[in-house]
Amino acid sequence: MPRRVRIKDHYAEQHIFTIRGIVAGVVVGVLLLTVASRLFYLQVLRHDYYAELSQGNRVHTDPIPPSRGLILDRHGVVMAENLPAFQLELVREQVGGVPELNAALGRLVAIGLLDSEDVGSIRRTILSHHVYESVPIKLQLDDEEMARFAVHRYEFTGVDIRTRLSRHYPFGAMAVHALGYVAAISEQDLKRIDSDSYAGTTLIGKLGVEGAYENELHGTRGYHEVLVNAAGRPVERQGAFTPKLDTRQPVAGADLILSLDMRVQRVAEEALAGKRGAAIAIDPHNGDVIALASTPGFDPNAFARGLTTKQYDALQNDIDKPLINRALRGAYPPGSTVKPFFALAALKYGVMTADQTIFCPGHFSLPGSSHLFRDWKPKGHGTVSMRHAIMQSCDVYFYNVANKLGIDRMHDFMSTFGFGDLSGIDIPGEKPGLMPSTEWKRHAYKRAAEQVWFPGETISVGIGQGYMLATPMQLAHAVSGIASRGQIFKPRLVTAVRPAGSSAVTQRPVLPEPSLTAVTAEQWSVIVEGMELATGPGGTAAAATAGSPYKIAGKTGSAQVFTIGQNEKYNEKQVSERMLDHALFISFAPAEDPKLAVAVFVENGKHGGSTAAPIARKIFDAYLLPDKTL
Amino acid sequence: MIFDEFSQSRTRRTLTAGGRTLRALGLDGPLTGVLAIIVCLGVLVVYSASGQNLKMVEHHLGNIAIAVAALLALARLATPQYLRLFAPAAYIIGILLLIVVAVTGHIGKGAQRWLDVGFMRFQPSEIMKLAVPMMCAWYMHERPLPPTLKDLVVMGIMIAIPTAMIVTQPDLGTALLIAASGLIVMLLAGLQFRIILISIPLLGGAAFGAWHFIHDYQRQRILTFLNPENDRLGAGYHIIQSQIAIGSGGVFGKGYMNGSQAQLEFLPERSTDFIFAVIGEEFGLLGQLLILSLYGLVIGRALYLAMQGQDTFARLTGGAIALSFFVYVFVNSGMVSGILPVVGVPLPMISYGGTSMVTLLAGFGILMSLHSHRKLIGS
């Protein structure tokens, strides 16, 4: 096959090139249209999506925390307010990674601004926030600490001092168990709150009114939008333009108006000073808590400042348990304070009449049993009627009453006064105490032999011992029921809520409980008269009430010891002091037209009449005779 | 013809004077005009995209001056004969410089693309962008078209040597552009369609082989392109932020110097490889379509000029320059808008950065020289 000789054909070659050029031109056109249609897709069809992403890129919302609502007493005295304070804050993304964070915290310990024991929990709190959030690591720096940080400031990036509003309690420890306190938001708090609405907020209410009314007090946070660059740094403008950025002012939390009267509260706490105990005063007409004291207390300002682990442990391990709210959480045997209630039960169920007498030889035993239940007065009270049994607190009389009523009727009747159940006061942490019954015992024990209710156990409950436990709050709640002759109200601390910037106050409703209708006016009079006799000459509380211009109706009590804490060290003097009986007193005044019901409890106070009743007297004086006390 | 309608008018005198000047300089009027518009728009965009950095704008203008000088010199002074004679020399010099770069790069232990020649630094790979197609055109000039299988193999080797050297630099983007410019010559020379059809599976196999040859980061870029969400803050960040910039621009854009993605630096490489996204963000779809249309005019005019070439070298070189330019445009706009993987290819004549501007305008200088000098050669 001859090899074909190829020669250059210029016209053919030009033709090839022209065809190829035209094809190339078409391909170019198609591909450019492909790019154009991609751009159309991005900029027209998907514009909204990308516009939002771009907005999210450049605008960060910086939270403005709301200022916390104030807490006022019933006369408008400020009990909790906000003051500016300097605090140390840390922004994780500016500090760097975990090694840098550890190093920074280590240096803060080294210059004495943090306690090494707290570093672990501070780090956990920092790590549970977003990287860009400013997390407080030390609240309320004093001048000396500010100066110390200023000297070392150059060593820290991402750590700085900021001014924030902090909580201040002008009365310090006073009413702390009613008010509660605020403290730094902890890891656990973060799990239950909406962290978005708390962005920028340092403190959160714990316990008391601060804790229970957190939603009302907190308010609504505001924000201002900040322009940020890709590095997350706030910038003023973007290229040639300053964009419009939105700002929303925060709405301050609502102010709370309490039922407490600071003057009465002060008297109650001063009277309890140096003792371990509780005093509660309630207006029987509506359940308003006029005073709620539990001693010893603690300074809530220390919590708002931020406690170190050491300081907190010291409070926690204090043998007097200052952190325990004895008024709500101290469940003690109520002792003889239950006697007016059981007397009323005896009348209601018809097991005794008011004038029926019983001979008290100083002891009591059940038929067919040799076990002696002793009276507090070894020689006995002789022949006593109901009024005198209350007046002299005759145990034998009430052993008989208990025996006749039986534990289940006692349980049912006492339940209507709130024993064995929460009083329902509007702050958390209350304990229900215990009002025993046969049914209760069946459920409380596992072994069949232990589930049986013995008649002897009923007799002990008759004088407020045995299984029965009540908190001082329950006693105050119950005695306000006698004062009002059967109409009990749920105790309340917050009477009104005043939204920020508004003069319109929203009253919280008074919450009546089902009234005792089965008790007649005569029956009420019998026990009120008995309680009046108890504060009169020859009564158990005679000394404390002598010379008052109004009449007090009351009942003393003392209860066998209950020891606190398992980890106390053995100390003969201390322990023996702590083996003494608890002193109790329940009362209301004026007896004929009660305006205030008061329950006082003093741990190891020996006698209700000599220790608890004088405290109640001071509270009555403060409330009923405002001009005499300052 | 048009000029006759307003003879004696000042406009005509100006236009004819302008036309005479252009002709004297060896320039093509329409092509020069569109190129000038693009370069000027580029300066405006660089000012905005650099975050109003006047230093960068000055530097950019300096680059333009050098590039324009190169264009004018080549258009006026380089005759087609010289160019044809110079093509093999340029190719060999380019290869030698690539070897120098590879050796110094090896010593310096790292990616080495730059050659420091005292007064300026340049990438020898840029020379190859013009030298490779010119070399192929030079080779085909003496031979009848369409190319035989032997011609294709020879040209394939001419293309493969510099491409392989540049891939190992490593600079995948430039290597692909150079390979493309050589392939364009083959296609324009009349490469038979059946060979194209046969070579598609072969190229696929080669791509598969290349997968094991390229660097990890290059592999990662391709994987990231296929699914940017896998790597939001790494390599995918470029693609995502670029699409956010374009998409948020909408039809009319956010306004000059008001693109938040670009001005607040969310968009990486905002004044270089991703400057097309800045145009999209600040001038919207309309701005981007305008730029694409201008590029379309450049490519069309350049192809037209190439078709008028009087010999194989002139036609193939011109066509390769025109279509290479298109490849730059397509690769860059495709990568920025997310239809192609991210390879480091600047937007022609707009992106900040000197070397590519000089090469591009030099290429157009050659194209115009080949066109304006055509009457001087006899057939």
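A:Pro296 sits in the loop between strand E12 and helix H12 (300–305) of chain A. Helices (H or I, at least four residues) and strands (E, at least two) are DSSP runs, numbered from the N terminus. The peptide bond from A:Thr295 to A:Pro296 is cis, with omega near -5 degrees.

This is a predicted model: local features need pLDDT of at least 70, side-chain atom pairs count only at pLDDT 80 or more, and totals for chains, interfaces and linings use all residues. Residues are numbered from 1 along each chain as its sequence is written, chains are lettered from A and ligands numbered from 1 in the order in which they are written, and side-chain values use heavy atoms, with hydrogens and water left out.

**Backbone details**

A:Ala589 and A:Pro590 are joined by a cis peptide bond. A:Pro590 lies in the loop between E20 and strand E21 (596–602) of chain A. In chain B, B:Glu269 is not a glycine, yet it has a positive phi. B:Glu269 belongs to the loop between helix H12 (260–263) and helix H13 (275–307) of chain B.

| Site | Angle | Value |
|---|---|---|
| A:Thr295 to A:Pro296 | omega | near -5 degrees |
| A:Ala589 to A:Pro590 | omega | about -15 degrees |
| B:Glu269 | phi | about 50 degrees |

**The five-stranded sheet**

Strands of a sheet pair through backbone hydrogen bonds, either parallel or antiparallel. Two strands count as paired if DSSP finds at least two bridges between them. In chain A, five strands form an open sheet in the order E12-E11-E21-E20-E19, with antiparallel pairing. Strand E12 (289–295) and strand E19 (553–559) of chain A are the edge strands, and each pairs on one side only. From one strand to the next, the twist averages 5 degrees. Axes here are lines fitted to C-alpha atoms, for helices over the stretch in contact, and angles run from 0 to 180 degrees between N-to-C directions.

E19(A) and strand E20 (residues 582–589) of chain A run antiparallel, joined by seven bridges. A:Gly554 has A:Ser587 in E20(A) as its bridge partner. Helix H22 (residues 521–535) of chain A packs on this sheet and touches E19 and E20 of chain A. Contact means heavy atoms within 4.5 Å. The direction of H22 makes about 70 degrees with that of E19(A).

**The three-stranded sheet**

Another open sheet of chain A has three strands, in the order E1-E8-E9, with antiparallel pairing. Strand E1 (59–64) and strand E9 (247–248) of chain A each have a single partner strand, so one side of each is left without a neighbour in the sheet. Strand E8 (residues 222–227) of chain A pairs with E9(A) over two bridges. One partner in E9(A) is A:Thr247, which bridges to A:His224. Helix H2 (residues 47–58) of chain A packs on the sheet and touches E1 and E8 of chain A, at about 50 degrees to E1(A).

**Where chain A meets chain B**

The contact takes 43 residues from chain A and 62 residues from chain B. About 4,300 Å² is buried between the two chains, and carbon and sulfur atoms give 68% of it. Buried area is the accessible area (1.4 Å probe) that two parts lose on being put together, summed over both.

How many salt bridges cross the interface of chain A and chain B? The rule finds zero. A salt bridge needs a side-chain nitrogen of Lys or Arg within 4 Å of a carboxyl oxygen of Asp or Glu.
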